[in-house]
Amino acid sequence: KLSLGAFVNSNSSEGYSLRPNAVQKTVEPFWRLTSQVNIGYDFSERTHFNLTTRYNYEIIQNSITVQNLGSLVLSKGKENNRDLNITPTFSHRFNDKLKTTFRGYLSRFNSNQSLEVKDQKIDYDDQFKQAFYRLENQTDISFSDNHMLNAGGGYIQEYVQSNRYDSLQTKRSNQVGYFFLQDEWRPLKQFSIIGGLRFDANSAY
C-alpha cells in the first residue's frame, strides 16, 4: 500500500519596524518558499517504510546600520538561505513482543549574505555551509503487559564550512557514536519504575 502527500507554501513580508524612524527594520523584507513531500509504503502488516523530504528557500533583503566611532555605517544587500531535510524510517514488527525501527536524518543548510557597505571599497560576503547526518536503530521488547525494554544506538556525522572565521575551503567535522537502554516496569497500575542508560562517544571532546 502506497501513500503520498505533498504541499507547497509561499510566504512573504515587506518587513516592519517597531521604531518608525529607525533606519534598520525590526524584521527585514523577505520571501520564503517551503515544500514538503511524504511517501509511505506498507510492505506488509508488519513492515513499513516512510520518507519525508522538506526544502526551504529564503531571500531576505538586508539593511544593516552599525555605529562605528560615532559614525553610522550603512550596509545593504540580501541573504539567501537554503535548507534541505530528509527523514527515512523503516520499521518491522517480528511479533507482538518485538519491534525494531531504523531512522535516518539528513540535513543540509547553506547561507550566503552579500552586503554593499556605503563609502567602503570592500563589500561584505558571508558564506556558511552545514551538514548533519544521523542513522539510528531502536528495538522495543515487550516482556509482558507491564514490562518493556527499549535499546538502540546510532551514529552522527556533521560538517561545517564558513568564511566568517576561516577559509571556506576548511571543513570542520565531528562524529558521535552512541547507544541507549531504557527499562520500564509497572508493578502497579499507577506506579512505574523507569531506569535508563546512555553513552556518547564524541570526537570533539
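Y41, F43 and F90 form one aromatic cluster in this predicted model, where local features need pLDDT of at least 70, side-chain atom pairs count only at pLDDT 80 or more, and totals for chains, interfaces and linings use all residues. Residues are numbered from 1 along each chain as its sequence is written, and side-chain values use heavy atoms, with hydrogens and water left out.

A search of the whole structure finds seven aromatic pairs, where rings of Phe, Tyr and Trp (its six-membered ring) pair if their centres lie within 6.5 Å, and planes under 30 degrees apart count as stacked, over 60 as edge-to-face and the rest as tilted. Two of the pairs are set out below.

| Pair | Centre to centre | Angle of planes | Class |
|---|---|---|---|
| W31 and Y57 | 6.1 Å | 75° | edge-to-face |
| F179 and F199 | 5.8 Å | 35° | tilted |

W31 belongs to strand β2 (residues 30-42) and Y57 to strand β3 (residues 47-68), so their pair ties together parts that are 26 residues apart in sequence; strands here are DSSP runs (E, at least two residues), numbered from the N terminus. W31 is partly exposed at 33% relative accessibility, whereas Y57, at 18%, is buried, given that buried means under 20% relative accessible area, exposed over 50% and partly exposed in between (1.4 Å probe, protein chains only).

F179 lies in strand β8 (residues 172-188) and F199 in strand β9 (residues 191-202), so this pair links parts 20 residues apart in sequence. F179 is partly exposed with a relative accessible area of 41%, and F199 is partly exposed at 45%.

Terms used
Helices (H or I, at least four residues) and strands (E, at least two) are DSSP runs, numbered from the N terminus.
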